Structures are given as structure tokens and as C-alpha cells.
Amino acid sequence: MDMSGNALRCIECHREFPEKEILYACPSCGNLLEVVLPLSEFDPRELRDAFDSRPLGVWRYKELLPDFKGKSPISMDEGGTPLHRCERLGRELGLRNLYIKFDGMNPTGSFKDRGMTVGITKARDLKVKAVVCASTGNTSASLAAYAGIAGIRCIVMIPSGAIALGKLSQAMMHGATVFEVDGNFDDALELVMNSSRELGLYVLNSVNPFRPEGQKTAAYEVVDQLGESPDSLVIPVGNGGNNAAYWKGFSEFKELGLAKKTPRIYGIQAEGAAPVAEAFRKGANRIRPVKNPETVATAIRIGNPANWLKTIKAIRGSNGDCIAVSDKEIISSQKRIATREGLFVEPAAAASFAGLIRLIESDDIDKDEKIVCVATGHGLKDPDGAIRASKKPVKIEPSIKSLRANLRA
Ligand code: F0G
């Protein structure tokens, strides 16, 4: 199987560029790029046999990932995350086939590792001196870990005081140079893009076309775990990269004949940071950036998503929708998933379930459908938020009397 036919293609004007060029946007029209695979050159039966001979995970699908010419990828066994069947939550909502794809079970606790294994391997091949990202937390944690094992200098830019503690501690512990930018995520990303132009740093935000290649494997895994594509996939939207990566994954599997259909993609944003949901409500083809995004789900506190056009194309292409949920719904969903299913997911990850409840109530999703909610990050990432949202521990004397009295209270 010869992968020499891979190219980068502009998502809007469709101009193509060789995969080896370092590009984050189309030089002609400024829109984002994506990797296109020569899908018709593959033999689906050969692919199926090759995939089935390997454990579930990102590199199980290596024929459909960038080719590193026989050199092994920089990997920590990403992916292969559980597709958890939600019997209790399903019963409560009257859903027979509800699943959570728990991508918080990746090595650094979020789905970012899927993209980072591919992105950092690319960085190694390009022999870059330093990698950089802007982040609401998870990207920086993941990049710091992968750059560390690759021996590449890592610079991360985070919005000052606005990322969860667990994520900050990861970036610091993995040895990144951490800059707190006096501004929000959108300001930090602008600085990152400028630093790439001015200082030659290699950008590993999702505008890098190789990151979504790794992230799309989550869709392949869902098909392999479920035996088919679900009817609906519900997923949080921040910068807009992950939902588009899922859509690419499902679409490629369908085109290859490895899945019979593609699911409808439902993107979920937090009300205070919902430019994509607004565009869908108005039937608009563009977003209106939100100047001061605000939500407890700090991972998706983004007002000007870099992947907005990819997201709109993915969600429209799938016949889905994008809606917004309140912080209250997000926190109550986080608790519900934790208490009913035993899964501790971070607030942004719980947004998908909060969105599902709305979509069931509005009859957009039918109760008989096979539904997958994507839980993108682990709850331990944001311990402060979890403690704030929960009942405080009760102080007692070390005696049965005190315990009895407090148990009754
Ligand atoms: N869920 C979590 C836990 C995230 O960390 C992110 C994005 C998203 C959902 C949204 O994914 O941006 O592809 O639409 N986090 C980025 C970061 C922005 O910097 O860690 P998206």
C-alpha cells in the first residue's frame, strides 16, 4: 500500500500542497488544510485484516495515518479507550443504546494524545527545534509530555489564571516552558501563530493538519467497538477540531466500505462561549466571534474557534446540529455521569451529555437510536471545580458518637 499519494488540501478552495510542506493555512485563501488520503487505492479487506491483527489504539490504523517511512512513531499507546455502555443513565433517559467514549483514559487524560502522537512524530521528522501551542489546558499537558519523550523543546501559552490546576501541573511537570498570556485563549493562539511566523516555532494546535489525523482514530475505534457507526455522536466543541476529526474518520471508514453509514454529529458548546451554536441557530455560514467567552468548562472557553469552518462543514455534512448548554446543566451532567456510571469526566467533557438531554427532550434524537457521547477529558484534570461543585466533607470527632450524630444529620 503506497501512501505517497497523501496531500494537504484546502478545505475551501481545494488547492493541494505536498504533505511535507509546513503549512497551517492555505496560502491562496487563508482557510485550513486537511490531509487527503488516496482512499480508492486501498483494499478494504487487506485493511480490515491488518487492523484486526493489532490491539485497539491509534496506531492500529497506521495505513490511514501519515507514513513515517518505517520509523516508529513517538507513542505512549494512545487510544484504545473504553466505549462504556451506560445502562443506568440509559434507563433514566429511556435510551436502550447509550454509550460514552471515555477518551479521558488516554495517557495524559484527554483525547489530545491521539493527535499529539502523530503531530510530534511529524515534528521529529521535520527536525524542528521547538514546538509551541496555545491551550485551555489539555493540549499543553499532552504536548509537554510528548515533546518530553521526543526530546524537543516545548513552549506553551495559556490564558492567565483560566486553566484547570491539574492541566497546569502536567505541563509544568513534563518540563514545558509555560507562559501565562495576559488575555484569553484566542489571544494566546494569535500569539502562537505570530511566533511561528516570526520565530519559526512549530505549531501543534489543531490548525496543524496532522493532529486531526490522529484524532480521527477515535471514530474508527467507535465503529470497531460497536460493530457499526452509531446513529448520533454527541461531542463538545471548543476550538472545533475534534468534531471535524471524528467526521473525517467516520467518512473515511464509510468510503472504504468499513462502515455502512456515518452518524449525525451534534456539537455542544457552553452558553457563554457558543459562536458555532449561534451560527447554527441562525442558519449562518460564518461565526460571529464572542469577545469575552465565559464558562465553568474552561477547556471550551473559546470565543473565536480556529476550526469554525471545518466544524460547520462537518456538522452540516453529517445532518447534525450545534447547540449550547448552560454551566448549570454541565455541572449537573458531570455529577450524574459520576454517580450513575462511575466515570469522572471534566466539565467540558460532560457538556456532551448535557447536550444529549436537550436533544432527547426536543425529539432531535430518537430514543431507539444508538448514541455515543464523547467524554473528552478526565475529571481529575479539574479538582478545584469538582470540589466547588460538591458537598464539603463534614468534620467529626474520632468517635462513634460523633459519627452517629453526623450520619443522622
Ligand atoms: N473537551 C476537552 C476536555 C478539551 O480540552 C477540548 C479542547 C475540547 C473538548 C474541545 O475540542 O477544541 O477540538 O473543539 N481543548 C483545547 C486545549 C482547546 O487547548 O486543550 P476542540
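Glu 252 is buried, its relative accessible area being 6%, where buried denotes under 20% relative accessible area, with over 50% counted as exposed and the range in between as partly exposed (1.4 Å probe, protein chains only). The structure is a predicted model, in which local features need pLDDT of at least 70 and side-chain atom pairs count only at pLDDT 80 or more, whereas totals for chains, interfaces and linings use all residues. Residues are numbered from 1 along each chain as its sequence is written, and side-chain values use heavy atoms, with hydrogens and water left out.

Glu 252 forms a salt bridge with Lys 216, the closest N and O atoms lying 2.9 Å apart; a salt bridge is here a side-chain nitrogen of Lys or Arg within 4 Å of a carboxyl oxygen of Asp or Glu. The pair links distant parts of the chain, 36 residues apart, with Lys 216 in the loop between helix H7 (211-215) and helix H8 (217-226) and Glu 252 in helix H9 (residues 241-255); helices (H or I, at least four residues) and strands (E, at least two) are DSSP runs numbered from the N terminus. Lys 216 is likewise buried, at a relative accessible area of 0%.

A salt bridge also joins Glu 19 and Lys 122, with 3.2 Å between the closest N and O atoms. Because Glu 19 lies in the loop between strand S2 (16-18) and strand S3 (33-36) and Lys 122 in helix H3 (residues 112-125), the pair ties together parts that are 103 residues apart in sequence. Glu 19 counts as buried at 13% relative accessibility, as does Lys 122 at 8%.
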